[in-house]
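Welcome! Please take a look at the sequence and the 3D structure below before reading on.

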Amino acid sequence: MSFFPGVLDELIEKFASLPGIGTKSAQRLAFHILGMPEGEAEDFANTILRAKSSIHCCRVCQNLTDRDVCTVCGDSRRDHSTVCVVADPKDVAAIERTREYGGVFHVLHGVISPMIRVGPDDIRIKELVDRVAGGGVKEIIMATNPDTEGEATARYIARLIRPFDVRVTRLAYGIPVGGNLEFADDATLSRALEGRTDI
Ligand SMILES: [Zn+2]
């Protein structure tokens, strides 16, 4: 039995349905919204609606954009023959933050995960293969996470791409910057050895 008015309960429930938000946080957020000036709350709600109606996937790379083709795909100074494949739009942001990468992206929107019934057709693999088949791609960099699902997805895609004359590479793994060899797990350490480079 709740002591709050129905609509407040509803608002708390909405917040609690968001990832990573427990009941206590949901209550705190709901009360924060209630304490906002009318205009600010309206602005908040409108931003949700505007984001929802204007953001969709880029026709080329499937990253989120409010244009037909995103700013990365529309940038002629970038190397469109190198495509970095990531699971999530947040990974694009992470790689862009390094300012090291001059190629373009492909966002899968997930990884293959039989445990939660995500198959190859549930993520944007077909779009990637069509893109490669369309020509112009010389290298695919598989940048999915180095966990079981990420590895399986990378291998699955590499197999699909094999018939095309395209180099498929995987991000090197290693010891985190500032890390300590002594505390690195065996898998990380052996991967780091495998992926060693000249200095
Ligand atoms: Zn794009």
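## About the model

This is a predicted model, in which local features need pLDDT of at least 70 and side-chain atom pairs count only at pLDDT 80 or more, while totals for chains, interfaces and linings use all residues. Residues are numbered from 1 along each chain as its sequence is written, and side-chain values use heavy atoms, with hydrogens and water left out.

Let's begin with the metal. For reference, the ideal angle for four tetrahedral donors is 109.5 degrees.

Helices (H or I, at least four residues) and strands (E, at least two) are DSSP runs, numbered from the N terminus. Both Cys58 and Cys73 are buried (buried means under 20% relative accessible area, exposed over 50%, and partly exposed in between, with a 1.4 Å probe and protein chains only).

## The nonpolar cores

Which residues have the most contacts inside the largest nonpolar core? They are Cys84, Val85, Ile140 and Ile157, in a core of 32 residues. At least two residues of this core come from each of β3, α4 (89-98), β4 (103-107), α5 (125-133), β5 (139-142) and α6 (148-161). A second, separate core has seven residues, including Phe15, Ala30, Ile33 and Met36. A nonpolar core is a set of buried Ala, Val, Leu, Ile, Met, Phe, Trp, Tyr and Cys residues joined through side-chain atoms within 4.5 Å.

## Strands side by side

Now follow β5. It pairs with β3 in the parallel sense over four bridges, and Val83 stands opposite Ile140. Four bridges also join β5 to the parallel strand β6 (residues 167-170), where Val168 is the bridge partner of Ile140. Two strands pair if DSSP finds at least two bridges between them.

From β5 the chain crosses through α6 to β6, a right-handed β-α-β crossover (right-handed means that, with the strands pointing away from the viewer, the path from the first strand over the helix to the second runs clockwise). In a regular strand the side chains alternate between the two faces of the sheet. In β5, Glu139 and Ile141 point one way and Ile140 and Met142 the other way, and all are buried.

Is Ser81 buried or exposed? Ser81, in strand β3, is buried, with a relative accessible area of 14%.

Most residues other than glycine have a negative phi. Arg99, in the loop between α4 and β4, has a positive phi near 55° and is exposed, with a relative accessible area of 78%. His109 also has a positive phi, of about 60°; this residue lies in the loop between β4 and α5 and is partly exposed, at 27%.
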